[in-house]
Amino acid sequence: MQKKLAKALAEPVESLFEAGGKDTWLSIRELLKRETETAVSEFSASVAGFELDEETVERMQQSLRDYARKVVENKARDEAGKILIRMKDR
């Protein structure tokens, strides 16, 4: 799930930063929310057959949400170094 989530977030976030519109962060938040909820939903469906207590499932879901947020944060840090170059190019 984490690999799938990272792939679904990393490239689109990078593209949003490259485009540099004034709605960049709003678009990133919407993307993060949509992709995270999709991943959590798929994860929940895949573990439904296992006999896990609710607390464990919730902890695993939160871990997935935290991972998604970390992917976006790391991509933002990577792109922050490139922003000055892009500004000079424009």
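Which residues in α1 meet which residues in α2? Before I answer, please note that this is a predicted model.

From α1, the residues in contact are Lys4, Leu5, Ala8, Leu9, Pro12, Val13, Leu16 and Phe17. On the α2 side they meet Thr24, Trp25, Ser27, Ile28, Leu31, Leu32, Glu35, Thr36, Ala39 and Glu42. Sorted by class, this contact holds 12 nonpolar, 3 polar and 3 charged residues.

Now to the geometry. Two packed helices are described by the angle between their axes and the distance between the axes. Helix α1 covers residues 2–19 and helix α2 residues 24–47; the angle between them is about 170°, and their axes are 10 Å apart. Angles over 145 degrees count as roughly antiparallel, and α1 and α2 are therefore roughly antiparallel to each other.

Beyond its neighbours within four places in sequence, Lys75 is in contact with Ala10, Val13 and Glu14.

Finally, the salt bridges, of which the count comes to 6. One of them joins Arg65 and Glu37, with the closest N and O atoms 3.6 Å apart. This pair links distant parts of the chain, as Arg65 lies in helix α3 and Glu37 in helix α2, 28 residues apart. Arg65 is partly exposed at 27% relative accessibility, and Glu37 is partly exposed at 39%.

Within helix α3, Glu73 forms a salt bridge with Arg69; the two lie 4 residues apart, about one turn of the helix. Arg69, Lys70 and Glu73 are linked in a network of salt bridges.

How values were computed:
Residues are numbered from 1 along each chain as its sequence is written. This is a predicted model: local features need pLDDT of at least 70, side-chain atom pairs count only at pLDDT 80 or more; totals for chains, interfaces and linings use all residues. Side-chain values use heavy atoms; hydrogens and water are left out. Axes are lines fitted to C-alpha atoms, for helices over the stretch in contact, and angles run from 0 to 180 degrees between N-to-C directions. Angles under 35 degrees count as roughly parallel, over 145 as roughly antiparallel, 65 to 115 as roughly perpendicular and the rest as oblique. Contact means heavy atoms within 4.5 Å. Ala, Val, Leu, Ile, Met, Phe, Trp, Tyr, Cys and Pro count as nonpolar, Asp, Glu, Lys and Arg as charged, and the others, Gly among them, as polar. A salt bridge is a side-chain nitrogen of Lys or Arg within 4 Å of a carboxyl oxygen of Asp or Glu. Buried means under 20% relative accessible area, exposed over 50%, partly exposed in between (1.4 Å probe, protein chains only).
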